[in-house]
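Thanks, everyone. Let me put the chain on the screen, and then we will go through its side-chain packing and pairing.

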Amino acid sequence: MQQFYDRYGNGPVLDVGVSRANKDFKYENIFLHRFRGDRLLYTGLGVEDLSDLAKLYSQSRFVTYEGRLFPFQDGDFEWVFSNAVIEHVGQYADQLLFLNEMMRVGENVFLLLRIAGFRLRVIPMQIFFIG
């Protein structure tokens, strides 16, 4: 994540693909747990009920949506961050819409993708920066 923080200027951040807390909580939402910016500038977006996270991180904002179009205006965020989410979005057309939505609501996009074939807890990632 250092590559992200090397570019981050402490503006509003959208973390796409946040999931609710569960027994493996420490292995999920790593960006949320380690976020170095002002918590008031953090927004988590996910398709699950995120009210448990809203209680744990009361200074941050959490938004649940039904998928597809993000419920935000064009350019609402300085950064959109997504870690190993796009491969769970669906077919190619769905993934393209997901990427377009990240670029629509954010000035910059930081996208991490899993490299296929690895089954370890620490998974090598490909990092893409769009901005």
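Start with the largest nonpolar core, which has 17 residues. The residues with the most contacts inside it are Phe4, Tyr8, Val13, Phe31, Phe35, Tyr42 and Phe62. By nonpolar core I mean a set of buried Ala, Val, Leu, Ile, Met, Phe, Trp, Tyr and Cys residues joined through side-chain atoms within 4.5 Å. Buried means under 20% relative accessible area, exposed over 50%, and partly exposed in between, with a 1.4 Å probe and protein chains only. At least two residues of this core come from each of α1 (2–5), α2 (30–33), β4 and β5 (106–114). Those elements are DSSP runs, numbered from the N terminus: helices are H or I with at least four residues, strands are E with at least two.

Before I go on, the ground rules. This is a predicted model, so local features need pLDDT of at least 70 and side-chain atom pairs count only at pLDDT 80 or more, while totals for chains, interfaces and linings use all residues. Residues are numbered from 1 along each chain as its sequence is written, and side-chain values use heavy atoms, with hydrogens and water left out.

What is Val13 in contact with, leaving aside its neighbours within four places in sequence? The list is Phe4, Tyr8, Phe31, Phe35, Leu41, Tyr42, Thr43, Phe77 and Trp79. Contact here means heavy atoms within 4.5 Å.

Next, the rings. The count comes to 18 aromatic pairs. The rule takes rings of Phe, Tyr and Trp (its six-membered ring) with centres within 6.5 Å; planes under 30 degrees apart are stacked, over 60 edge-to-face, the rest tilted. Take Tyr5 and Tyr8: an edge-to-face pair, 6.1 Å centre to centre, with 80° between the planes. Tyr5 is buried, at 11% relative accessibility. Tyr8 is buried too, at 13%.

Now Phe70 and Phe98. Their centres are 5.8 Å apart and their planes sit at 80°, so this pair is edge-to-face. It links distant parts of the chain: Phe70 is in the loop between β3 and β4, Phe98 is in helix α4, and 28 residues separate them. Both are buried.

Ring pairs also build a cluster. Its members are Phe4, Tyr5, Tyr8, Phe31, Phe35, Tyr42, Phe62, Trp79, Phe81 and Phe110.

Last topic: charge. Side chains of opposite charge can pair when their charged atoms come close. How many salt bridges are there? Three, counting a side-chain nitrogen of Lys or Arg within 4 Å of a carboxyl oxygen of Asp or Glu.

One joins Asp94 and Arg68, with the closest N and O atoms 3.1 Å apart. Asp94 lies in helix α4 (residues 92–105), and Arg68 lies in the loop between β3 (61–64) and β4 (77–83), 26 residues away. Asp94 is partly exposed at 27%. Arg68 is exposed at 55%.

Another joins Asp74 and Arg104, at 2.8 Å. Asp74 is in the loop between β3 and β4, Arg104 is in helix α4, and they are 30 residues apart. Asp74 is exposed at 57%, whereas Arg104 is partly exposed at 26%.

Arg104 also bridges to Glu101, again at 2.8 Å. Both lie in helix α4, three residues apart, about one turn of the helix. Is Glu101 buried or exposed? Buried, with a relative accessible area of 5%. Together, Asp74, Glu101 and Arg104 are linked in a network of salt bridges.
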